[in-house]
Amino acid sequence: MQKLPVSMSVVAISEAGGPDVLQLEERPVPEPGAGDVLIRVHAAGVNRPDVLQRLGAYPPPKGASDLPGLEVSGEIVACGEDARDHKIGDMVTALAPGGGYAAYCKVPAGHALSAPQGLTMIEAAALPETFFTVWSNVFDRCGLSGGERFLVHGGTSGIGTTAIQLAKAFGAEVFTTVGSEEKAEAVRALGADHAIVYREQAFEKAIHEITNGEGVNVILDMVGGDYVERNWKAAAVEGRICQIATLNGLSEKVNFSRLMVKRLTHTGSTLRPRSDAFKTAIAENLKARVWPMLESGKIKPVMDSTFPLSRAADAHRRMESSEHIGKIVLTMEV
């Protein structure tokens, strides 16, 4: 086994605040426990939960690293006891409970998947957080199936670009909302059947017109606020809506009669606090049903930009600008 360093470079959150609170530090290299693998990180994805954690609004779950970073790619350099299905030297991509903004990251072995053939390690780092989230909510929780209509808000986000491709690959008619015609062109290129520029028209009215009043069967929403009731208007009878964030805040008043009359199901979830077993089950589904699509080129992560670890603050500024199309990734010196 290769000799590991004692310390490593990390980006830590010095205090709650703007991007400049992300500071380079030296920390001890973590030791893998039973069932864990230690990854020498090649790249780490940047996600909205990282921004929320930096702002002090999304604390890590008990026992997780206080460092931001929920997905990494790299080489396994150490394995704890019972770390099955992996060995030292494997190149993987993994969902992390935290700690991704670092040269080394410890993750449960069941949350690591072989890096898909044909993808770079930077592209591989862009997979776990969005693919785990979309699969568990759109397919497992809401049961999207071929022939149904699917709406995802924020089509050019990491979640949006992933959801569009997966829903289309499994035979759905895909609707999405975007902020500009440039972004509309980008999501159509990914397979979206209908791109609604929300600054130009109300999405629920556009969907009503496109579907002749029938609505969409499944909605994935991270906006919240007044979108809650607008989603109910856009939904079909027996529609399913899944809430995974509330970027526009909470909705204080909604008309529940619309929910009742249409027999809607409005559910929600967060991924980070879920059990290791739950996340391992998602990984197994992705390996069986989605990884072959990635390796064949049928779907692929959409990349916006990369930044070295030392410029994590700039990566967060890019994220908060909402100008990005696809994933933002931090790279390490390997």
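For lining residues, Ala, Val, Leu, Ile, Met, Phe, Trp, Tyr, Cys and Pro count as nonpolar, Asp, Glu, Lys and Arg as charged, and the others, Gly among them, as polar. The model is predicted: local features need pLDDT of at least 70, side-chain atom pairs count only at pLDDT 80 or more, and totals for chains, interfaces and linings use all residues. Residues are numbered from 1 along each chain as its sequence is written, and side-chain values use heavy atoms, with hydrogens and water left out.

**Cavity**
- The search gives one cavity of 30 Å³ or more; a cavity is a set of points on a 1 Å grid over the protein atoms alone where a 1.4 Å probe fits but cannot get out.
- The largest cavity has a volume of about 40 Å³, a volume being the space filled by probe spheres set on the points, which are joined across faces, edges and corners.
- Its lining (residues with an atom within 4 Å of a point) consists of Leu70, Leu95, Ala96, Glu129, Leu271, Arg272 and Lys279.
- That lining of the largest cavity divides into four nonpolar, no polar and three charged residues.

**Second largest pocket**
- A pocket is an open set of points with protein on both sides within 12 Å along at least five of seven lines; the second largest pocket has a volume of about 950 Å³.
- Of the 44 residues that line the second largest pocket, Val107, Pro108, Ala109, Gly110 and His111 lie nearest its centre.
- Helix H9 provides the largest share of this lining, six residues.
- The lining of the second largest pocket comprises 19 nonpolar, eleven polar and 14 charged residues.

**Aromatic contacts**
- The whole structure holds five aromatic pairs, counted where ring centres of Phe, Tyr and Trp (its six-membered ring) lie within 6.5 Å.
- The rings of Trp232 and Phe256 have centres 5.7 Å apart and planes at 55 degrees, so the pair is tilted; planes under 30 degrees apart count as stacked, over 60 as edge-to-face and the rest as tilted.
- Trp232, with a relative accessible area of 3%, is buried (under 20%, with a 1.4 Å probe and protein chains only).
- Trp135, Phe139 and Phe170 form one aromatic cluster.

**Overall fold**
- The chain contains eleven helices and 15 strands, which are DSSP runs numbered from the N terminus (helices H or I, at least four residues; strands E, at least two).
- Of the 334 residues of the chain, 54% count as buried.
- The C-alpha trace spans about 65 × 40 × 35 Å along its principal axes.

Terms used
Buried means under 20% relative accessible area, exposed over 50%, partly exposed in between (1.4 Å probe, protein chains only).
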